Amino acid sequence: MKTWDERIDEVWADASGDEVGEETIARIDALAAERGFDDARAQFERAGARDSAGRPAEAVELYRHALALGLDDEHRPQCVIQLASSLRNLGAYDDALAVILAEQERSADGPYRDAVATVHALILASSGKPSQGLSVALLALVPHLPRYHRSMTAYAHEIAELDG
């Protein structure tokens, strides 16, 4: 018999490459129901299904509920990243920025730091600060470059000033 996690992964694998719709949401909701309303991971998966289906307002509420219930170290940063992205999609840029900056500070050396930077850059670009967004993206890339760290860091800081 497959574990709950394996069954969740199977739903997402089946949805891969397709537009997520009511069927995926229903499958995730059925699995989430097995764990109950007070299970953080179940609520996170429900949020992700709605987010992937283009229903960010519903996702935001569920992401916040999952975080309030307490997620493990693997799923908490994913939830925060997805919450900030959904807030950005809703045009709630200040909220999105507050969420992603708090995560950036909390897990600066975490495995999701580049994803955090990517969402941070998108939020800035969407909120009318594209140069600052580009700067954040460049600074996230610098550690992955074989050379040019000093000059690219300087350029990134210089570009950030263009938004005023």
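1. Helices here are DSSP runs (H or I, at least four residues), and strands are runs of E of at least two, numbered from the N terminus.

2. On provenance: this is a predicted model, in which local features need pLDDT of at least 70 and side-chain atom pairs count only at pLDDT 80 or more, while totals for chains, interfaces and linings use all residues. Residues are numbered from 1 along each chain as its sequence is written, and side-chain values use heavy atoms, with hydrogens and water left out.

3. The protein has nine helices and zero strands. Its C-alpha trace spans about 55 × 35 × 30 Å along the principal axes. Of the 164 residues, 39% are buried. Buried means under 20% relative accessible area, exposed over 50%, and partly exposed in between (1.4 Å probe, protein chains only). Among contacts (heavy atoms within 4.5 Å) with a separation of 6 or more, 48% join residues 24 or more positions apart.

4. Back to H6. Ala96, Leu97, Val99, Ile100 and Glu103 are buried.

5. H5 (residues 75-89) and H7 (residues 113-126) pack at about 10 degrees, with axes 10 Å apart. They are therefore roughly parallel, a label for angles under 35 degrees. H5 contributes Ile81, Ala84, Ser85 and Arg88; H7 contributes Ala115, Val116, Val119, Leu122, Ile123 and Ser126. These contact residues divide into seven nonpolar, two polar and one charged. Nonpolar covers Ala, Val, Leu, Ile, Met, Phe, Trp, Tyr, Cys and Pro; charged covers Asp, Glu, Lys and Arg; the others, Gly among them, are polar.

6. Check histidine 120, in H7. At 9% relative accessibility, histidine 120 counts as buried. Leaving aside neighbours within four places in sequence, histidine 120 contacts Leu97, Ile100, Leu101, Gln104 and Val136.

7. Check tyrosine 148 too, in the loop between H8 (130-141) and H9 (149-160). Tyrosine 148 has a positive phi of about 75 degrees, although not a glycine. Most residues other than glycine have a negative phi. At 53% relative accessibility, tyrosine 148 counts as exposed.

How values were computed
Axes are lines fitted to C-alpha atoms, for helices over the stretch in contact, and angles run from 0 to 180 degrees between N-to-C directions. Angles under 35 degrees count as roughly parallel, over 145 as roughly antiparallel, 65 to 115 as roughly perpendicular and the rest as oblique.
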